[in-house]
Amino acid sequence: MNPYNYDVSQLEKAARAVRRHIIRLNANSPAGGHTGADLSQVELLTTLYFRILNVSPDRLDDDQRDIYIQSKGHAVGCYYCVLAEAGFIPVDWLQTYQQPNSHLPGHPVKQKTPGVELNTGALGHGLPVAVGLALAAKKNNSPRRVFLITGDGELAEGSNWEAALAAAHYGLDNLVIINDKNNLQLAGATKDIMNTDPLADKWRAFGMEVTECAGNDIAAVVTAIEQLTQKGKPNVIIAHTTKGAGVSFIQGRPEWHHRVPKGDEIELALEELKDA
């Protein structure tokens, strides 16, 4: 059971707080960050950690807990901000992002950050491990579910589709794959670099149960996740998001894959993200 079980209005407030953390975290980082990628998945991670996941900071050794994997490892800034808001790490650690001896490196590292379940960063690694964890849970008759977020550009990696074959073959209905489909990656539009559309048809052809939702709409995300079934097929949620969502001068702009807020941009972004 999730220790928070926030309603939609509480989730929306938490998402705004996470976005403010993301702006400050990236602005303070000496090594830059991935502001656009962080912002696109805020609603997804906020919903998981404050309503869905059966995990809490005091149960990280519980072998019945749910597992979350940040396969989209470069968006670790959002991950850290959610972990901080949910009490897995101190909020003041966010000020140390990517600094020497920090607990918060530029990609998830299990050995450094409480709550991180898997070291990721090389795209395409998260889903194969998630499949193994979900299969182990099935064989052990565990109630555990395994969730992960992938980027849409990441799906050009063949390891994802090999893992998808195995997930469907073993009927891993305790596996939930969430695609953060923001349609942009480092060098431009995903459709121009390596088009994966029609994405839903591809997942279905691999034996998945597919749901689509507006990924930056908390209510839509809650509905999509809570209506998932466990009927012998892995679940895929294609979350249609906007890269940089929530900040007008960042969203939809590919240059913010690596850019971080500077100078007046910091206060402009924070002003847009104030609580109503």
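Contact here means heavy atoms within 4.5 Å. The model shown in these views is predicted.

**View 1**
Along the principal axes, the C-alpha atoms fill a box of roughly 50 × 45 × 35 Å. Of the 276 residues, 54% count as buried. Take the contacts between residues at least 6 apart in sequence: 78% of them join residues at least 24 apart. The accessible surface comes to about 11400 Å². Carbon and sulfur atoms account for 50% of that surface. There are 26 positive and 32 negative side chains. The centres of the two charge sets lie 2 Å apart.

**View 1. The largest nonpolar core, with 53 residues.**
Six residues touch the most other members: Leu45, Leu48, Tyr49, Tyr68, Ile178 and Ile225. Helices giving two or more residues to this core include α1 (8–28), α3 (42–52), α4 (76–85), α9 (218–226) and α10 (264–272). Strands β2 (146–151), β3 (175–181) and β7 (235–240) also give two or more. Helix α4 gives the most, with eight residues. A second, separate core has 24 residues, among them Ile69, Leu155, Leu172 and Ile238.

**View 2. Tyr68 and its contacts in the largest core.**
Tyr68 is one of the residues that touch the most other members of the largest core. Which residues is Tyr68 in contact with, leaving aside its neighbours within four places in sequence? They are Leu45, Leu48, Tyr49, Leu53, Tyr79, Glu117, Phe147, Leu148 and Ile149. Of these, Leu45, Leu48 and Tyr49 are among the buried residues of α3.

**View 3. Helix α3, largely enclosed by the rest of the structure.**
Ten of the eleven residues of α3 are buried, so the helix is largely enclosed. The buried residues are Val42, Glu43, Leu44, Leu45, Thr46, Thr47, Leu48, Tyr49, Phe50 and Ile52. An α-helix has 3.6 residues a turn, so residues three or four places apart point the same way.

**View 4. Thr46, a buried residue of helix α3.**
The relative accessible area of Thr46 is 0%. Because buried means under 20% relative accessible area, Thr46 counts as buried. Residues up to four places away in sequence are not counted in what follows. Thr46 touches Leu11, Ala14, Ala15, Val18, Arg51 and Val82. Among these, Leu11, Ala14, Ala15 and Val18 fall within the span of α1 (8–28). Val82 falls within the span of α4 (76–85).

**View 5. Glu43, an acidic residue of α3.**
Is Glu43 buried or exposed? Glu43 is buried, with a relative accessible area of 6%. Leaving aside neighbours within four places in sequence, Glu43 is in contact with Ala15, Arg19, Gly215, Asn216, Asp217, Ile218 and Val221. Ala15 is also touched by Thr46.

**View 6. Glu85 in helix α4.**
At 29% relative accessibility, Glu85 counts as partly exposed. Glu85 and Thr46 are 39 residues apart in sequence. In space, their C-alpha atoms are 9.2 Å apart. Leaving aside neighbours within four places in sequence, Glu85 is in contact with Tyr4, Ala17, Val18, His21 and Phe50. Val18 is touched by Thr46 too.

Most residues other than glycine have a negative phi, and most peptide bonds are trans. A cis peptide bond joins Asp197 and Pro198, with omega of about 0°. Pro198 lies in the loop between α7 (190–194) and α8 (199–205). Asn141 is not a glycine, yet has a positive phi of about 55°. Asn141 lies in the loop between α5 (126–139) and β2. Asn141 is exposed, with a relative accessible area of 70%. Asn183 likewise has a positive phi, of about 70°, although it is not a glycine. Asn183 is found in the loop between β3 and β4 (184–185). At 36% relative accessibility, Asn183 counts as partly exposed.

Notes
Residues numbered from 1 in each chain as written. Predicted model: local features only at pLDDT ≥ 70, side-chain atom pairs only at ≥ 80, totals over all residues. Heavy atoms only, no water. Buried < 20%, exposed > 50% of the residue type's maximum accessible area, 1.4 Å probe, protein only. Areas by Shrake-Rupley, 256 points an atom, 1.4 Å probe, with all protein chains shown as cover. Lys, Arg positive; Asp, Glu negative; His and termini not counted. Charge placed at Lys NZ, Arg CZ, Asp CG, Glu CD. Core = buried A, V, L, I, M, F, W, Y, C linked by side-chain atoms within 4.5 Å. Helix = DSSP H or I, 4+ residues; strand = E, 2+ residues; numbered from the N terminus.
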